[in-house]
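Please walk me through this structure, part by part. I have not looked at it before.

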Amino acid sequence: MSVIFGPNSRRVLQFLTHIEDLSPEEIDRVADLWKQTSSQTRAEGWAEVHRTTSDEERYRILVAASVARRAALDAARAHERHDWAFWAAVWDAAAAVAVCDRIGSHYNVLVAPLAAVMPSLAHCRRDELTTPELQGAVLKAQGAVLKGGGG
């Protein structure tokens, strides 16, 4: 398995494939919850991500966060939602999912807005997809990016 999205690439892919499934109301809820989270607390979470990963891993984690943000932008646009807090919440959550087992309680801080509408994120879980499921997830994620213009 390639580690394109950091130490927990399969779980990140699983997360990515569900962003487009969010409803307009769920997007609004995520944005509102992200705004209620302390910026200091979020910064502490990102500091823990930085502290517990190598340069190469951080690069891959930022790739995951970037792809997730793009998926969030596409989902928001499809529902005519324009609150940047949603995109930021997805960015935070993707990074946390990528290294969930390394950042302790900071995981909960970074995923909380998304976990409110995606209960599967409530607990850190290592990669769970089988190889056939992973291939399907990759194809779905690629299709979502291409459908959204790819860049």
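The paragraphs below go from confidence to the nonpolar core, and then to some individual residues.

This is a predicted model. The chain has a mean pLDDT of 87, and 81% of its residues are at 70 or more.

The largest nonpolar core is made up of 41 residues. Phe15, Ile19, Phe86 and Leu114 have the most contacts inside this core. Two or more residues come from each of H1, H2, helix H4 (55–78), H5 and helix H6 (106–115). The biggest contribution is that of H5, with 11 residues.

Phenylalanine 86 shows what such a position looks like in detail. Apart from neighbours within four places in sequence, phenylalanine 86 is in contact with Ile19, Leu22, Ile27, Val30, Ala31, Ala72 and Ala76. One of these, Ile19, is also among the residues with the most contacts inside the core.

Next come the aromatic rings. A search of the whole structure gives two aromatic pairs. The angle counts as edge-to-face because it is over 60 degrees. Tryptophan 34 belongs to helix H2 and tryptophan 84 to helix H5 (residues 84–98), so this pair ties together parts of the chain that are 50 residues apart in sequence.

Is tryptophan 34 buried or exposed? Its relative accessibility is 10%, so tryptophan 34 counts as buried; the cut-off for that term is under 20%. Tryptophan 34 also has a charged neighbour: arginine 42 lies over the face of its ring, 3.7 Å from the ring centre.

Another arginine is found in helix H1, which covers residues 9–19: this is arginine 11. Arginine 11 counts as buried, because its relative accessibility is 4%. Which side chain does the side chain of arginine 11 make a polar contact with? The partner is the side chain of glutamine 14, at 2.9 Å.

The last stop is the segment before H1, where proline 7 lies. With a relative accessible area of 16%, proline 7 is buried too. Proline 7 and glutamate 57 are 50 residues apart along the chain, and their C-alpha atoms are separated by 7.1 Å.

Technical notes. Residues are numbered from 1 along each chain as its sequence is written. This is a predicted model: local features need pLDDT of at least 70, side-chain atom pairs count only at pLDDT 80 or more; totals for chains, interfaces and linings use all residues. Side-chain values use heavy atoms; hydrogens and water are left out. pLDDT is the predictor's confidence in each residue, from 0 to 100. Rings of Phe, Tyr and Trp (its six-membered ring) pair if their centres lie within 6.5 Å; planes under 30 degrees apart count as stacked, over 60 as edge-to-face and the rest as tilted. Helices (H or I, at least four residues) and strands (E, at least two) are DSSP runs, numbered from the N terminus. Buried means under 20% relative accessible area, exposed over 50%, partly exposed in between (1.4 Å probe, protein chains only). A charge sits over a ring if NZ of Lys or CZ of Arg is within 6 Å of the ring centre and within 35 degrees of the ring normal. A polar contact is a pair of N or O atoms within 3.5 Å; within protein, one must be able to donate a hydrogen and the other to accept it, and residues adjacent in sequence count only if both atoms are side-chain atoms. A nonpolar core is a set of buried Ala, Val, Leu, Ile, Met, Phe, Trp, Tyr and Cys residues joined through side-chain atoms within 4.5 Å. Contact means heavy atoms within 4.5 Å.
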